[in-house]
Amino acid sequence: METDAGNLQQKRMYLQGLRQVNQAKFIPVLKEVHEEIFGRTDCLACARCCTSIPPLVTRSDIKRLAAHLGIAPKIFQKRYVLEDINGELTLNGVPCTFLQSDNQCSVYDIRPEACRRYPHTDEDEYVRRASLNLANAQLCPAADAILNRLQQIFPLS
Ligand code: SF4
Ligand code: SF4
């Protein structure tokens, strides 16, 4: 039986090998697979992303969220944002402060762009992000299912 470590290594190698696939053929299929898998994924029954990884936020996310809450961006940042030593900004709550007890996002329509795009499995840059894709597949069941499906459609020798 394949070990978890072996499985992880196999996925890492696969994701790195995807660069050799014809991108003009690969990207439309990737988008189809993303739609298919998310079409049958119940994110409200999962919420693993919102409960475990604080999303990056941009200045524009902060302005929009602050306006929604009726507070100044500076106040929003003080209450809800962390800045690391590289100046990277993330929301500060894990699980996320805006996640409700029924797993709905209380700011869904204006959520940060990073939340809207997660797990980035329908983006043209997918093949250039092997490490990120592997990390996302470990956390997000939909990203993992997408990766498994890609391995069936585009087996690499
Ligand atoms: S971890 Fe993936 S499947 Fe789960 S809620 Fe987030 S996007 Fe949906
Ligand atoms: S802002 Fe909404 S979508 Fe983003 S992590 Fe928080 S609860 Fe989840």
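Predicted model: local features only at pLDDT ≥ 70, side-chain atom pairs only at ≥ 80, totals over all residues.
**Ligand 1**

The shell has ten nonpolar residues, one polar and one charged. I then listed the residues themselves: Thr-41, Cys-43, Cys-46, Ala-47, Arg-48, Cys-49, Tyr-118, Pro-119, Leu-139, Cys-140, Pro-141 and Ala-142. Which elements give two or more residues to this shell? I found α3 (48-52) and α8.

**Chain layout**

I went on to the whole chain. I counted eight helices and two strands. Read from the N terminus, the order is α-α-α-α-α-β-β-α-α-α. The C-alpha atoms fill a box of roughly 55 × 35 × 30 Å along the principal axes.

I looked up the domain division next. Domain 1 is written in two pieces, 4-43 and 130-153, and domain 2 covers 56-117. I noted 28 Å between the C-alpha centres of domain 1 and domain 2.

**α7 against α8**

How do helix α7 (residues 130-139) and helix α8 (residues 141-153) pack? I read an angle of about 120 degrees, with the axes 5 Å apart. The crossing of α7 past α8 is left-handed. On the α7 side I noted Asn-133, Asn-136 and Ala-137 in the contact, and on the α8 side Ala-143, Asp-144 and Leu-147. By class, this contact has three nonpolar, two polar and one charged residues.

**α1 against α7**

I then checked helix α1 (residues 4-17) against α7. Their axes come within 9 Å and cross at roughly 140 degrees.

Which residues of α1 meet α7? I found Lys-11, Arg-12, Leu-15 and Gln-16, which meet Ala-130, Asn-133, Leu-134 and Ala-137 in α7. By class, the contact of α1 with α7 has four nonpolar, two polar and two charged residues.

I also cross-checked α7. Asn-133 and Ala-137 are listed in the contact with α8 and again in the contact with α1.

Notes. Residues numbered from 1 in each chain as written. Chains lettered and ligands numbered in written order. Domains from an automatic or database assignment. Axes fitted to C-alpha atoms, helices over the stretch in contact; angles between N-to-C directions. Helix = DSSP H or I, 4+ residues; strand = E, 2+ residues; numbered from the N terminus. Left-handed = near helix turned anticlockwise from the far one by under 90°. Contact = placed C-beta atoms within 7 Å. Nonpolar A, V, L, I, M, F, W, Y, C, P; charged D, E, K, R; others polar. Near = placed C-beta within 6 Å.
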